[in-house]
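This report describes the ligand surroundings and the strand pairing of one protein model. The sequence and structure are shown first.

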Amino acid sequence: MTWISRLFSNAQSVTSTKPASIFLTNTLSGSKELFISQQPGIALMYSCGPTVYGPAHIGNLRAYVFADTLARTLLFAGYRVKRVINITDFGHLVSDGDEGEDKMTKGLKREGLKLSLENMRALAERYSAVFLTDLEELNIDIKDIRFPRASDYIAEQIALIKTLEEKGYAYQTSGGVYYDTARFLGYGKLGGIDLSAQREGTRIEANKEKRSPADFVLWKPDSKLGWESPWGLGFPGWHIECSAMSRSLLGQEIDLHTGGEDHIAVHHNNEIAQSEAASGRTFVHYWLHNAFLTMNNDRVAKSTGNVAYLADVLEKKIHPLALRYFFLQGHYRTPLSFSWEALEGSAEALNRLWKLVSEIGNESKRKSEPSEVRDRLLAALRDDLATPQALGILWESLRSDEYTPEEKWGLIEDADAHLGLSLLNPPLPVVVSQKEAPEEIQHLLVGRETARASKDFAEADRLRDEIEKRGYRVEDSESGPKLTSV
Ligand code: AMP
Ligand code: ZN
């Protein structure tokens, strides 16, 4: 059984019963709360996705591993999880305010492509594919997630802006349609943003017609490029896509919304203002935010050049799951400092874990039994996703004599389901008995033994290379050749 089919059979077997309790820190209240979904047994979850003008960096990937850990925890507690990660494929301005060069335009320039909607889409699709492959490398199951492209939801974004206009939350300026934040009671409630500081600030406004510095663009006109709308040719503002796609794909009221903490102040408060003004209902019940990944004491970010990618990890011949392991070593709400030495440390630890798990798999014959430590692991994860504690419990118990191999295997199964570290099928060399090897390999092995017996070492080496080319390695031991698949 693959882990994904196991995931489903486990999840389905528990949906008939009440899901287990999970506690999560909600940015809305600033405290840890018991999770209660709107519909019994179903969790609706939205995560702000990347702007695909280049590959996602490892800081972005921290945000998606965190969201995946949350989704896995919900799934194994007994929820059906419906997930969306949007793909921003146009017009995402460089800064949270409404000024700065557009990221996609920057991407087109970098690649020497002419500015057009078609080229924007092509660039976006290229980097969306890279993004999805990165997620897969990190054991994030993309089949269970919808990835809507913002450019496929223009009509929905226009409709939402029209609703806001009809309800009196929008006003027209020569620089576009703006959201009137003063009209929305409780604007800035997420994370307790101090609006008076913003209002009194001396920021020079790009658009002098704005009624308040916090007001933000809903539709930005463009004389040459964009989509037709009641406000002329142009682009939707970048906050509106999340409100529109979340509403279209998950409904007006959802359970969970995730993102990095940089999105709290502006982007997520703006999403709330748009969605709640339009629907008159609570947009999101649980807001969860991950802290930054830092490097050299500064936030990992493309704009500053303080950046690394999954491609760099692979180039250094470090397994991508070592990065996942590295992320899990920190709690999602705590800043995490990345360095190549630290990642190599995680790679070594994960390798040791894989070896230990294989040994226990052999001893237990992969039969599992419940144990008190398995409950402890689940309790840690269901207490605001305490992954560092979960890893601690796992290591400590697997090394201890207190548990039988079967109890340890039970713990490994649950740890694997939640942590996504390929523990059940570690990507390690696997010893294969000669009889189980494909016939062709068996022939080559016999040929090599014959050559060795007649001291024809050149031929023996040639046959060893042939075997390696076919994905097997031979080592000579006292009891004869040992075959491993790699
Ligand atoms: P963006 O494409 O900038 O919207 O980022 C995609 C996601 O990654 C968002 O949820 C961001 O909050 C998150 N993010 C960006 N930089 C970092 C970082 N250095 N550490 C953790 N999360 C980040
Ligand atoms: Zn968003």
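## Ligand shell and sheets

By class, the residues that form the shell around ligand 1 comprise seven nonpolar, nine polar and three charged members. The model is a predicted one. In total, 19 residues surround ligand 1, and the closest of them are Asn60, Gly260, Asp262, Leu293 and Val300.

| Residue | Protein atom | Ligand 1 atom | Distance |
|---|---|---|---|
| Gly260 | polar backbone atom | oxygen | 2.9 Å |
| Asp262 | polar side-chain atom | oxygen | 2.4 Å |
| Val300 | backbone N or O atom | nitrogen | 2.9 Å |

On its own, ligand 1 has 490 Å² of accessible area, of which the protein covers 95%. Two elements, α2 (58-77) and β10 (254-260), each give two or more residues to the shell around ligand 1. The largest share comes from α2, which supplies four residues.

### The five-stranded sheet

Strand β10 also belongs to an open sheet of five strands, in the order β5-β4-β3-β10-β11, with parallel pairing. Strands β5 (145-146) and β11 (284-290) stand at the edges with a single partner strand each, so one side of each is left without a neighbour in the sheet. At one end of this order, β4 (residues 80-85) pairs with β5 in the parallel sense over two bridges. Val84 has Arg146, in β5, as its bridge partner.

Helix α2, already named as a contributor to the shell around ligand 1, lies across β3 (42-47), β4, β10 and β11. Relative to β4, α2 runs at about 160 degrees.

### The three-stranded sheet

A further open sheet has three strands in the order β13-β12-β14, and its pairing is mixed. Its edge strands are β13 (298-299) and β14 (336-338), each of which pairs on one side only. Between β12 (residues 293-295) and β14 the pairing is parallel and extends over three bridges. Leu293 has Leu336, in β14, as its bridge partner.

### The hairpin

Strands of a sheet pair through backbone hydrogen bonds, in either a parallel or an antiparallel sense. The antiparallel sense is found between β6 (residues 170-173) and β7 (residues 176-179), which pair over four bridges. These two strands form a hairpin, with two residues between them. Thr173 has Gly176, in β7, as its bridge partner.

Technical notes. Residues are numbered from 1 along each chain as its sequence is written. Chains are lettered from A and ligands numbered from 1 in the order in which they are written. This is a predicted model: local features need pLDDT of at least 70, side-chain atom pairs count only at pLDDT 80 or more; totals for chains, interfaces and linings use all residues. Side-chain values use heavy atoms; hydrogens and water are left out. Two strands pair if DSSP finds at least two bridges between them. A residue is near a molecule or strand if one of its heavy atoms lies within 4 Å of it. A polar contact is a pair of N or O atoms within 3.5 Å; within protein, one must be able to donate a hydrogen and the other to accept it, and residues adjacent in sequence count only if both atoms are side-chain atoms. Accessible areas come from the Shrake-Rupley method with a 1.4 Å probe; for residues, only the protein chains shown count as cover. Ala, Val, Leu, Ile, Met, Phe, Trp, Tyr, Cys and Pro count as nonpolar, Asp, Glu, Lys and Arg as charged, and the others, Gly among them, as polar. Contact means heavy atoms within 4.5 Å. Axes are lines fitted to C-alpha atoms, for helices over the stretch in contact, and angles run from 0 to 180 degrees between N-to-C directions.
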